[in-house]
Each structure stands twice: as structure tokens, then as C-alpha cells.
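Subject: Structure handover

Hello,

Please find the structure below, with the sequence. Some notes on what was found in it follow.

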Amino acid sequence: MTHIVGIDVSKAHLDVSVAAGAPRRFPNTAPGIGALLAWLADRDIARVVYEPTGGYERPLAQALTAAGLPACRAHPNRVRAYAQACGLLAKTDRLDAQVLARYGAAFDGPELPQGEDEPVRAELRDLLRRREQLVRQRVQERNRLDKGLSSKTAASTRRHIAWLDAEISQLDTDYQALRSASPTLSQQAELYRSVPGIGLLTAATLVAELPELGQLDGGALTALSGLAPWAKDSGRQRGQRRIRGGRGTVRRVLYMASQSAARYHPDLSPFYQGLCQRGKAKKAALVAVMRKLLLQLNAVARRGTPWVAQYAPAT
């Protein structure tokens, strides 16, 4: 008999429930994770479900992958909504482990399993997120220079900007070296860069933040990226469709890429111009370009071959 394992991760402990049974607790340390794997070794495990908890789950995820166990990362909001739908309003670590086990049994693979290259992706995600943090700080510091600072304060601000410039440049070197060190991730990034409008940073972000490219259909991928237009209808009322949710980092880099694609992409530029000429708002037209761009990236990832322009017969 196969079992579904739910693991609630905290900074200090791992609460584990097998088939909604009584939870057991292990320390969230290397010896504790080793004891957990030994305890699971005698069981036929179909799936291990856990939630991301700000990085505390990373050693566990790496150990599960190394042990060959099918580990799935579930979205916390979905798990909480599932618990509430089941009438489970109380929330403790042990109850959360049981809920995760039940959630994993109710849904066939809450999320895609973690691949062998997940540790490299995780490190790449860290570097890119740190870069984004520093870029935001640099924007803030540059904005402060426009507010009439005193000479010494302005000098301090400029020194900080110079440090941020150097640190961002170092992170650029680091993430490109890390990506190049993995043949699989490097190949994926080069495939994405073959699509017009996709640069180095966008390709690296897609590799790190959207490993589902090439594995999901277009509808699921647009929803996962927060680009699906959600309806808001009730009775005779027809609300305006809006995009929401999804992975904000992916959506942000695709938005920047779509601005370039709307001008220079041989297929998407005419598409964008046509939408604008028909009265579509420019931002709504850009979102449509983002969806088209994502579908092209998905096709490239699925085929494993570089992007080619659509065939247009001579006139």
C-alpha cells in the first residue's frame, strides 16, 4: 500500500503525517532529516507534500530529492483553502501535517515534482531575488538624490549607489556562471533567448522561477504566471476580466520583455499594433503580448528547439 506523506516545516521542527495518521516530530536539522528519511525508508511512499516556508524547507527538499522520494511543493494558500473547505479551522503544526497528507491524497500531484537540478535552481533563484532587492534599493537611493539632500548626505547616498552598482554587477557575474555550470539550465536559457525580446536576465529568471515551462499546457501556464484573465460574473452582471495571482517575478520580467517584443518581435509587433488600432488599451494589449510570448516560450521548451518566425507566404 502506497502512502501520502505530509510534512509541516518550521524553523525548529518537521511534523510528519503518513496517510493522515498520528504525526511524528523530527528536528529540522541534518541529523533530524536523516532520521526522518530512515523512518520513511520502510514505507512505500507515493508522494511527499510540503509547503515553502521562507527557505526553512530547502534542506528537506534537497534531502528528499537525493533520496529519490517524489517531493511536491504545495501552495500554502491552496492548502489553507482546502483545510477550510473540509471544516478544519484550527491550525497547529501537527494538524497542518495531517492536512498536507489529506491534500496530497485529494489532488494528484499538488505541484510538479522537484527535479534533480532543483538545488541549482534554488541557488539561482536566491541570486536573482537578491539582485532584484538591490536594484530596488538603488532606485530608492537615486530618487533620494532628487530631494535636495545636504552635501554630506548626498555624498553618502552616492557612495551607497556605487556600492550597489558593484554588488549588482557581481551578482550578474555569479548568476551567469551558475547557470553556465549546469548544462541543462544553460541549454534551457539559450532556447528562451532565441525568442525575440528575451534577454539574459529574463531567460535566467524563467529558468529559475518557472521550471514548468514545456511541461504544462498554455492555460495552466498562464494561470500559474498570473496572466489568465479571471471572470467576475454574477447573474446578468458581467464584470471586467482581470489578471491576478500567480508568480509575480515571472510576470514582471515578462512585462519588460513584452515591451521590447511589442516593438521588434516579427510576429507579436503586428499583433500588438492590431490590438491598439482596434481600440484596445495599451496595457491590456501588452498583457495579451505577454500571454503570446509565454506560449511561444512554452512551445520552444516543449520542442527543445530554438524559436523560428511564423511562415508567411510571399505576396
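A residue is called buried here when its relative accessible area is under 20%, exposed when it is over 50%, and partly exposed in between. Please keep in mind that this is a predicted model.

Strand 1

By that cut-off, strand 1, which spans residues 2–9, is mostly covered, with 7 of its 8 residues buried. Which strands does strand 1 pair with? One is strand 4 (residues 44–50), which runs parallel to strand 1 and is joined to it by 6 bridges. Within this pairing, Ile7 has Tyr50 of strand 4 as its bridge partner. Another is strand 2 (residues 13–18), which pairs with strand 1 in the antiparallel sense over 5 bridges. Strands 1 and 2 form a hairpin, and 3 residues lie between them.

In general, side chains in a regular strand alternate between the two faces of the sheet.

Cysteines

A disulfide is a covalent bond between the sulfur atoms of two cysteines. The cut-off used to call one is a pair of cysteine sulfur atoms within 2.5 Å. By this rule, the model has 0 disulfides. Cys86 is in no disulfide, and the nearest cysteine sulfur, that of Cys72, is 18 Å away.

How accessible is Cys86? Cys86 counts as partly exposed because its relative accessibility is 33%. Cys276 also counts as partly exposed, because its relative accessibility is 24%.

Regards

Notes: Residues are numbered from 1 along each chain as its sequence is written. This is a predicted model: local features need pLDDT of at least 70, side-chain atom pairs count only at pLDDT 80 or more; totals for chains, interfaces and linings use all residues. Side-chain values use heavy atoms; hydrogens and water are left out. Buried means under 20% relative accessible area, exposed over 50%, partly exposed in between (1.4 Å probe, protein chains only). Helices (H or I, at least four residues) and strands (E, at least two) are DSSP runs, numbered from the N terminus. Two strands pair if DSSP finds at least two bridges between them.
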